[in-house]
Amino acid sequence: MHLLSKIAGVLGVFALVTGVAASSMTRAANSASDGGSCSNVPKPYATTEQFRDRFEKCVGGKTVAWVPLGMGTPLMAEWTYWIRNYANAYGMKFKMRDPNWDPTKQVAVVQAFINEKPDVLIVHNLDTGLVANLLKQANEKGIFVLQVNMESNYKSDAFVGGDAIGIGRLIAQDMVAQCGAGTAPSHEIALVAGDPNSGWTQQAWEGAGPVFKQHPEIKIVAHQFADWQRSKAYDISSTILKQHPNLCAIWSDWDQMAYGAARAVKAAGLESKVKVFTADSSTITCQGIGEGVFYQSYGYNVPEQGRQLMTLAAYLLQSGKPPGSSRTVIYAPVVKINRSNWNLPGMCYDGTGRVITVQYNDKGEVVRAPR
Amino acid sequence: MEAMAATVDATRWPRTWVASRRRDRWKELRWRSSVQLVLGELLEKQWMEPAISLAVLIGVTTCFMMAVPGMGAFDNVISTLRELSEFALVAIGMAIVVISGGIDLSVGSMFALNNYVALLLGLIVGLPMWLTTLAVLLLGCVMGASNGVLVAYLKAKPFLATMVTLLVYRGITNLLDEHFSMSIAAKGAIQDRFWSWFGTGDVLAVPTAIVVLVMTVLIGHVMLSRSRLGWHITAVGASRKAARHAGIDVERVLLLSYVFSGFLTAAAAMLYAARVNSLSPYTALGMEFAVLTAVVLGGISLAGGNGTVPRALIGAATISILSKGLLLMNVGGETYTLIQAVILLVVVGTDIKWAKNRAKAIQKIYINPTYLYFEPAPGIAPDAESPFAINNRLSNSFPIGLGVVEGPEDVVLDSQARLYTGDRRGWIWRFSGVNFDKAEIFAKIGGMPLGLQWDNDGNLVICVGGMGLYSVDPQGRVTKLTDETNRTWYRLKDDSRLRLADDLDIASDGKIYFSEASVRFEAHDWIEDGLEGRRNGRLICYDPATKTTRTVLKRLVFPNGIAVSHDGNSVLIGQTWLCRILRYWISGPKKSKTEVFVDNLPGYVDNINRASDGNYWVALVGIRSPAFDLAYAHPRFRRRMMKRVPRDEWLYPSMNNGCIIKVAENGRVLESYWDPTGNSHATVTSMREHDGYLYIGGLNNNRVGRIELAEAGRGYSAAPAEPVVYPERLEG
């Protein structure tokens, strides 16, 4: 043990020395990049060259770090595609690390990014509390923090997302229309939501809850959480369907997960009776509606969100404002996708970035979620 | 040539070697050190297992430091350490359970539930931080205790029991989540000074989590390696049955080890809750897998009974750095799981192989023959013109203790002509009465009693192989004189403990000179030292006045018999495998010098004693054979033999018919005593002259022999000059 402890001691000292040296080096490098401060906003009649130079100085060469929930679905792939490509187009450095749906890892990844001090940090929050303190830290450390689709308790520089409250309200109204008073024969509905800790699930319920309250005839027979997992949604839905074969509709927060619920409905042979409501517009939505297992979905133009994130990043870097000093929200326009429009070109994205998505309703209108 | 020979150190340059000494010197040097020797002793080391793990840790750390930019940045090191703290606490808990012979698969679920409850109490109930901590730690203990009760008292298999509780604890977490998550989420994060200090704060610039970890490692290490409970845990893990037989309350120990696991997991979850503030019921999903990998990677055997807290820390650090490094490199989650699985597979496989074959591997490479050169042995043929010519002077010796003693290596008589001898069962016999027909066990020491000698106070001082130097007073009370000497700082093998104290004599100043035949082989493996022929032994001196032990001469080839010379100025040292006797001067003008007393004897030297006529008795335990003499000059041959031939067919130094010789003060051999029949004295390891008789001992014999000496030796005794008053009177 003596020898061991000596070795450990030597190593510890070694690690410390290298650590300190490396950190001072990174710090020096960081301060060098901070040297070209963009706090001076150009004069209104500045030359185009000055404008171009400023873009190169403030945006080009900066680093954008992206933390999704977990790769492997078109949603994250589509965002990643646009963030990466716009970063390239702007001359920015792109970094991504995948926490693979693991909360511990998401914390570790965000922490690691903060340590490395990128210029822009984009986070898809696993839940509202998870990295709230870290995002605050990031802002304080001079990193612009953007959040996408799932909000944190800490409101950072910008949030780009589907309007979960509005979409929740829309879906609830649609469900009431299909299963509420005046419809026959059942008023039973089931909710197979995502994750109660996530911003989306909470906000969707915030929008939907009051609607259902106004319609006491609607009977919510189950309100469970499938944690965004298709297989879990399948299992929960199967059980619900066995207990409530007269179910009128199932609401499942996200198309990837909802497809599990839809398969369960189909497996129970109830696809003509039980309507599956969901949100998002990846290819599975169009496929599900085409197959008749989805009743409808609300799309919120995910590819557009990717571009909006990068537009905001470029804006913030040039704005002259320090990180954490402004709060911007961009809600994507929403469109109802159902049997009437699911096969229009560009309705559903596939995660490759190749579908030019123009989402519009059956009247060709881009719509706004009700406030 | 003669002049040169006189100037060189006699221990290295025996007279008979002069002609070929330059060649021999090189060969001897060439064979003195060997990589295999170091490797063999290295593998034996207790710290070798964590050393391998530590090497893996260093390797992984270095690789990632080089491969991942920013890995070694100060901020990143700090946040990695914070994450490590939580993981390592759980790993230490798991390690304790694994060392106790169990496994705790429920750590991940316990972690999740504790984390959930901590946030629930902090947010919904609004308990103060300290109360929350207390409640969570208590909950951890309760959950651990449930595991423990299942395993220890309801005798469930640990694997199944903790797998069930894994599901139960996870299920409870999910239920809590469904019930509370909406309301907790509405409350937001805990904005408490103490919570954030616990999660992300420092103690004197050291992150709180690290402080907690360091304290846990220190306390845990002392507990596991120094405390009674720790020893019990290891004992139960090594062999539950043996532990029960030793009187350990096995059930209690098992229960406690699971409670430790629960407690440490709760502590880790508390740190996590404060740092991360996440209510996800999927917290720590699959954590047991990573923790188990860490524990095994740290070199803690899944078979139980082997492991320490620092090893768990090493394993945890390796996994932490691995996972952090891969995360920073953005190696996808599934790939990471795969890598971890492969590591677990390799490590568990190696663990099994290593545990199974380590002893065998050590055995295979441990014995390291070296080069020894012998001149042709003097003739021993019955008709030879040589003092060694075989006769039958021992054949008709009078048997003492026939069938009573087993292996009397040495004999000694007291002033009342009572005979004392050791026995391989660890006893000291005393024979008295007419014809020594009264046998009694004088003392029971244990070990392998070898050399015997009286000190000036009438105590019997004994070299006990496997134990050390002991003293027995006239009442038969046993006292340990010494069992350790100063350690050689550069040796891998710890040579401070006495392994094979062999023979002793006491100088006029009361100092006890004794030989330790080998520091590399245990007492029962002494013959393997003969295959090696290395300088593994030493002469040690114990000073009863100061009660200190120090090594006088190092690096002697199997020093065996020890006798102080008649004038008291030197000590004779019999070197068994070299067939040589050295003289080491302890006083006089040549003090501290060593020279060869007699060399190239026809047999392997054992004990040496003074004779009544001013000469010395020397026992030759076995007679050299030309074949083995040749083998001694060919270490490669002996190594090959040990590799290719089964152990019982190896060539050993022959321990066959020995003899007793008498050597004059000038080193000339005068005469010899033989038993060519082998019936009375197949091996001769010692002899003692007393009152006109010679008493003969033999390590493998079933008796002590006695012959009458032709020369006048009446009245001579090796016993102390002042007769001691013994409690018993001599009978007959």
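Reader: In chain A, what share of the contacts with a separation of 6 or more comes from residues 24 or more positions apart?

Author: They account for 75% of those contacts, a contact being two residues whose C-beta atoms, placed from the backbone, lie within 7 Å. Please keep in mind that this is a predicted model, where local features need pLDDT of at least 70, side-chain atom pairs count only at pLDDT 80 or more, and totals for chains, interfaces and linings use all residues. Residue numbers start from 1 along each chain as its sequence is written, while chains are lettered from A and ligands numbered from 1 in the order in which they are written.

Reader: Thanks! Which elements does chain A have?

Author: Chain A has 11 helices and 12 strands, which are DSSP runs numbered from the N terminus (H or I, at least four residues, for helices; E, at least two, for strands). Of the 371 residues in chain A, 53% are buried.

Reader: On to chain B: why does B:Cys579 count as buried?

Author: Buried takes 20 or more other C-beta atoms within 10 Å of the residue's own, exposed 12 or fewer, and partly exposed lies in between. B:Cys579 has 25 such neighbours, so it counts as buried. B:Cys579 sits in the loop between strand 17 (570-575) and strand 18 (580-585) of chain B.

Reader: And what makes B:Ala417 partly exposed?

Author: B:Ala417 has 16 C-beta neighbours inside 10 Å, and therefore counts as partly exposed. The loop holding B:Ala417 runs between strand 4 (411-413) and strand 5 (419-422) of chain B.

Reader: What stands out about phi of B:Ala417?

Author: B:Ala417 is not a glycine, yet its phi is positive, about 60°. Phi of B:Cys579 is positive too, near 55°. Most residues other than glycine have a negative phi.

Reader: How do you know how helix 9 of chain B lies against helix 13 of chain B?

Author: Helix 9 (residues 193-200) packs on helix 13 (residues 250-276) at an angle of about 110°, with axes 7 Å apart. That makes helix 9 of chain B roughly perpendicular to helix 13 of chain B as well.

Terms used: Axes fitted to C-alpha atoms, helices over the stretch in contact; angles between N-to-C directions. Parallel < 35°, antiparallel > 145°, perpendicular 65-115°, else oblique.
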